[in-house]
Amino acid sequence: MANVLAVLEIRGGTLRKGAAELLAAARRIADAAGGTVDALVCANGAVDTSALGAAGADRVLHATHADFATYCPDGMSATAASIASQYRAMVVAATATGKDLAPRIAARANVPCAMDVTSVDAAGDVIRVVRPVYAGKALQTVELRGTAVIAVRPGAYAAVSASKGGAVESVATPAFTRRLEVGAIKTSDKGALDVAEARVVVSGGRGLGDPKHFALLDELAAAFGGEAAVGASRAVVDAGWAEHGAQVGQTGKTVAPELYIAVGISGAIQHLAGMRTAKVIVAINRDKDAPIFKVADYGIVGDLFEVMPALTAAVKAAKGH
Amino acid sequence: MKIAVCLRRVPDTTAKIVIGASGSSIDEAGIKFVPNPYDEYAVEAAIALKEQAGAGETVVVGLGGDTVQETLRTALAMGVDRAVHLQGAPSADGLENARVLADHLRGGGYDAILFGKLAVDDYGQQTGAMVAELLELPCATAITKLVVADGRASVEREVEGGVEPASCALPAVFTCDKGLNNPRLPSLKGIMAAKKKPLEITPVTVAAGGVTIVSLALPPERAAGRIVGEGAAAVPALMQLLTAEAKVI
Ligand SMILES: Cc1cc2nc3c(=O)[nH]c(=O)nc-3n(C[C@H](O)[C@H](O)[C@H](O)COP(=O)(O)OP(=O)(O)OC[C@H]3O[C@@H](n4cnc5c(N)ncnc54)[C@H](O)[C@@H]3O)c2cc1C
Ligand SMILES: Nc1ncnc2c1ncn2[C@@H]1O[C@H](COP(=O)(O)O)[C@@H](O)[C@H]1O
């Protein structure tokens with residue numbers, strides 16, 4: 001029972017990015033406990049899983065069901081729970097889907113669940129995890145006994161290359177009742193890149209003064225060439241200047257990009273909760289005493305309307321377009 | 001429509017966190033406690049569902065020590081009909097808390113059971129979905145839209161890059177996200193009325209479960225940042241730092 005199951009996420013018939021990161025976290029537990037890693041893929045039909053062996057999966061377990069054409073929490077949690085007793089840990093990515101799925105698997109398998117974990121380790125018969133609590137204002141270290149479900153925060157583990165077999169075997173989908181019927185995802189018109197997944201996030205706050213000035217952020221994001229998303233503070237989301245999906249912070253999304261650029265955002269504690277783990281934080285604010293400068297690696301004190309066009313031009317030049 | 005809301009008290013989101021003497025929980029001295037912000041969306045949704053149906057009952061349920069009662073009264077002041085205080089110490093294992101809530105809710109004849117998406121203290125993010133599984137009810141989590149008609153619910157939730165619609169038959173469990181509604185504030189009349197509304201106390205025992213909190217610590221401080229300069233003139237220096245020092249461009 002030293003083995004680990006990584007429950008992977010499928011969207012539109014393909015594996016979502018983040019599978020390799022999740023397998024890295026799974027390997028961490030399995031290697032500490034002396035076990036192997038199985039990747040569970042629930043899909044309606046074939047899925048390209050050829051990269052999973054190299055990312056750390058000893059085996060790929062494939063469960064098929066017509067209901068797996070869209071996200072099917074009832075069927076997926078039933079499938080994972082049906083094989084739970086073979087595992088020491090079941091790991092899930094702490095994405096919107098993974099956070100929905102993890103507690104369902106735990107309840108069905110009658111085991112504890114730790115969400116939004118940033119570090120995992122196994123010793124003896126316990127799994128030890130670290131998780132941010134109180135909106136990132138504290139870190140909790142928790143021990144889980146027996147089998148546990150662990151949702152690992154995206155970005156917490158970098159993919160490893162592990163040249164494992166990754167042989168595909170099928171696994172039976174148990175009988176389940178589809179209590180919730182989930183439809184296809186309606187992608188937002190801003191394109192597929194989400195603040196929670198982008199390498200660079202450019203966020204705007206009340207300092208923009210008017211919703212039309214979000215164009216300044218769109219232009220800077222575009223200068224990064226498809227790897228940047230536009231975020232927002234709650235003040236501007238509540239004012240209707242930006243969509244809820246763009247909100248960063250305690251009651252919005254938690255992001256951990258490589259580069260976070262806060263434009264006209266004061267840096268309220270609830271905003272910081274959502275972005276303080278970014279690798280590099282840049283702040284542009286005309287108030288030199290704004291709290292955002294306390295967490296920013298680099299700050300420019302000044303009028304955003306003057307700084308943003310210059311920054312956009314510089315990024316364009318650096319990126320060669 | 002008979003609707004239950006599970007409610008919890010949390011430190012005010014602006015509270016400064018100080019680690020308590022035990023080393024595994026916070027020092028509660030001087031901290032103001034408020035209803036969990038996501039639970040306010042759930043309370044609002046419950047009241048609105050009853051209003052839409054034109055008849056029914058809303059019940060708010062809180063598991064914890066006696067301090068929970070003040071939070072339950074806030075929900076009563078918002079317009080919930082009655083409260084149940086499940087008196088006992090919650091576990092660090094969310095599944096054990098879910099079991100106690102589920103045992104209470106089972107057989108209650110609820111058409112909908114509402115939760116917050118997460119509690120902003122322990123960030124458990126699990127109670128609602130676990131209660132649903134224990135009660136074998138349909139469940140949609142982190143919803144930003146809820147429409148109930150003809151015994152069915154249509155919901156939406158935000159996922160990375162889009163919105164995911166779903167539907168299910170009632171009775172069902174929902175966990176509520178920001179965006180679902182704008183919670184009403186308790187009116188003065190509501191606050192007066194809340195004092196007379198029933199608040200039933202039921203002692204419960206919560207099992208320890210399989211989770212132990214080993215420690216709670218403050219996160220490492222971010223290294224002090226620096227002001228690169230003022231205005232557009234500082235952009236070249238910033239670019240130099242981002243490319244050569246931080247290597248993120
Ligand atoms: C329960 C709760 C949850 C919350 N959750 C969140 C959350 O998830 N996310 C979140 O962001 N907030 C959240 N908040 C709100 C938070 O407290 C702040 O109100 C909000 O973050 C402020 O947004 P802002 O920085 O855009 O606006 P402000 O605080 O008004 O800041 C605007 C900034 O723009 C600067 N500025 C103005 N003009 C210019 C200019 N021309 N050039 C440069 N700078 C300029 C100003 O100096 C100022 O610093 C929450 C609050 C509560 C109570
Ligand atoms: N002790 C409790 N009493 C009542 N409801 C609770 C309790 N703990 C959690 N909940 C509910 O479950 C939701 C999610 O909490 P959590 O799973 O701890 O993040 C909360 O928003 C509440 O609706």
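Domain bounds, as used here, come from an automatic or database domain assignment. On that basis chain A is divided into domain 1, covering 4-170, and domain 2, covering 200-319. The model is a predicted one. Between the C-alpha centres of domain 1 of chain A and domain 2 of chain A there is a separation of 32 Å. Four residues from domain 1 of chain A and six residues from domain 2 of chain A take part in the contact. About 410 Å² is buried between domain 1 of chain A and domain 2 of chain A, and 60% of this area is on carbon and sulfur atoms. On the domain 1 side, the residues that lose the most area to domain 2 of chain A are Ala135(A), Lys137(A) and Arg153(A), which together account for 79% of what that side buries.

The next matter is the interface between the chains. The size of an interface is often given as the accessible area lost when the parts come together. For chain B and chain A this buried area is about 7000 Å², with 54% of it on carbon and sulfur atoms. The contact draws 74 residues from chain B and 91 residues from chain A. Within the area that chain B buries against chain A, Glu160(B), Lys178(B) and Arg222(B) supply 12%, more than any other three residues.

One helix pair spans the two chains. Two packed helices are described by the angle between their axes and the distance between the axes. Helix H8 of chain A (residues 304-319) packs against helix H6 of chain B (residues 235-245) at an angle of about 40°, and their axes are 10 Å apart. H8(A) and H6(B) are therefore oblique to each other, and their crossing is right-handed. From H8(A) the contact involves Val307(A), Ala310(A), Leu311(A), Ala314(A), Val315(A) and Ala318(A), while H6(B) contributes Val235(B), Leu238(B) and Met239(B). By class, the residues of the contact of H8(A) with H6(B) are nine nonpolar, no polar and no charged.

Helix packing can also be followed within each chain. In chain A, the axes of helix H2 (residues 73-82) and helix H3 (residues 96-109) come within 8 Å and cross at roughly 50°; H2(A) and H3(A) are therefore oblique to each other. Their crossing is right-handed. The contact of H2(A) with H3(A) comprises eight nonpolar, one polar and four charged residues.

In chain B, helix H3 (residues 94-105) and helix H4 (residues 127-135) pack at an angle of about 55° with their axes 8 Å apart. That angle makes H3(B) oblique to H4(B), and the crossing of H3(B) and H4(B) is right-handed. Among the residues making the contact are Leu95(B) and Ala98(B) of H3(B), and Met130(B) and Val131(B) of H4(B). The contact of H3(B) with H4(B) divides into nine nonpolar, two polar and one charged residues.

Two backbone features of chain B remain. Most residues other than glycine have a negative phi, and most peptide bonds are trans. Tyr123(B), although not a glycine, has a positive phi of about 50°; Tyr123(B) is located in the loop between strand E6 (112-116) and H4 of chain B. Leu170(B) and Pro171(B) are joined by a cis peptide bond, with omega about 0°. Pro171(B) has its place in the loop between strand E9 (162-169) and strand E10 (172-176) of chain B.

Technical notes:
Residues are numbered from 1 along each chain as its sequence is written. Chains are lettered from A and ligands numbered from 1 in the order in which they are written. This is a predicted model: local features need pLDDT of at least 70, side-chain atom pairs count only at pLDDT 80 or more; totals for chains, interfaces and linings use all residues. Side-chain values use heavy atoms; hydrogens and water are left out. Axes are lines fitted to C-alpha atoms, for helices over the stretch in contact, and angles run from 0 to 180 degrees between N-to-C directions. Helices (H or I, at least four residues) and strands (E, at least two) are DSSP runs, numbered from the N terminus. Angles under 35 degrees count as roughly parallel, over 145 as roughly antiparallel, 65 to 115 as roughly perpendicular and the rest as oblique. A crossing is left-handed if the near helix is turned anticlockwise from the far one by less than a right angle, and right-handed if clockwise. Contact means heavy atoms within 4.5 Å. Ala, Val, Leu, Ile, Met, Phe, Trp, Tyr, Cys and Pro count as nonpolar, Asp, Glu, Lys and Arg as charged, and the others, Gly among them, as polar. Buried area is the accessible area (1.4 Å probe) that two parts lose on being put together, summed over both.
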